[in-house]
Amino acid sequence: MEDFVTYKIAKKLEEKGFEQGFNIFGCRPIYSDKETIKFISNIGAYESDYFGENISCPPISQVLKWLRNKKAIHIDIAIWEGGWYCDVWVYEFYKEEKEYLTLIRHQSDDYKSYEDAALAGIDYVLDNLI
């Protein structure tokens with residue numbers, strides 16, 4: 001089972017233009033309220049027929065990929081003796097067509113899991129870089 005972004009992050013993603021399509025199985029996770037994730041199908045139904053707000057609820061991995069591919073931002077997540085941490089890197093492109101990475105933020109808050117560190121990095125990026 002995928003780990004999904006929080007409702008708070010899902011709202012921010014929607015504001016920043018993130019668009020989540022249906023997966024290969026023809027379904028898409030949404031928040032039907034602040035805590036409940038439901039899956040809707042693209043077969044014979046419209047989202048508005050299902051629930052009220054319909055906030056897309058993408059997996060963390062999909063958001064990390066969107067940030068890398070569409071926004072040139074990479075969140076590096078790693079573990080060390082105190083717990084999980086993340087670094088936020090921004091790709092920069094110069095006239096010589098060379099690519100550089102610039103470290104924007106190092107978060108060493110000792111998160112308890114990979115997913116917690118990823119969510120913290122995503123939240124930082126949405127609040128400060130996009």
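Asp123 is found in helix 3, where helices (H or I, at least four residues) and strands (E, at least two) are DSSP runs numbered from the N terminus. The model is a predicted one, in which local features need pLDDT of at least 70 and side-chain atom pairs count only at pLDDT 80 or more, whereas totals for chains, interfaces and linings use all residues. Residues are numbered from 1 along each chain as its sequence is written, and side-chain values use heavy atoms, with hydrogens and water left out. With a relative accessible area of 16%, Asp123 is buried, a term that denotes under 20% relative accessible area, as against exposed for over 50% and partly exposed in between (1.4 Å probe, protein chains only). Residues up to four places away in sequence not being counted, Asp123 touches Lys8, Ile9 and Lys12, contact being defined as heavy atoms within 4.5 Å.

The secondary structure of the chain comprises three helices and six strands, which follow the pattern α-β-β-β-α-β-β-β-α when read along the sequence. Of the 130 residues in the chain, 40% are buried. Among contacts between residues at least 6 apart in sequence, 51% join residues at least 24 apart.

Helix 2 (residues 60-71) has 12 residues and reaches 16 Å from its first C-alpha to its last, close to the 16 Å expected at 1.5 Å a residue, the expected span being 1.5 Å times one less than the number of residues. The buried residues of helix 2 are Ile60, Val63, Leu64, Trp66 and Leu67. Seen down the axis of helix 2, these buried residues fall within an arc of 160°, so they line one face of the helix, the arc being that of the directions from the helix axis to the C-beta atoms. An α-helix has 3.6 residues a turn, so residues three or four places apart point the same way. The exposed residues Asn69 and Lys70 are carried on the face of helix 2 turned away from its buried side. Cover for the buried residues of helix 2 includes helix 1 (7-15), strand 4 (73-80) and helix 3 (114-128). Just after helix 2, Ala72 takes a positive phi of about 60°.

Within strand 4 lies Ile77, which counts as buried at 12% relative accessibility. When its neighbours within four places in sequence are left aside, Ile77 is in contact with Leu64, Trp84, Tyr85, Cys86, Tyr114, Ala117 and Ala118. Ile77 and Ala117 are 40 residues apart in sequence and, C-alpha to C-alpha, 6.7 Å apart in space.
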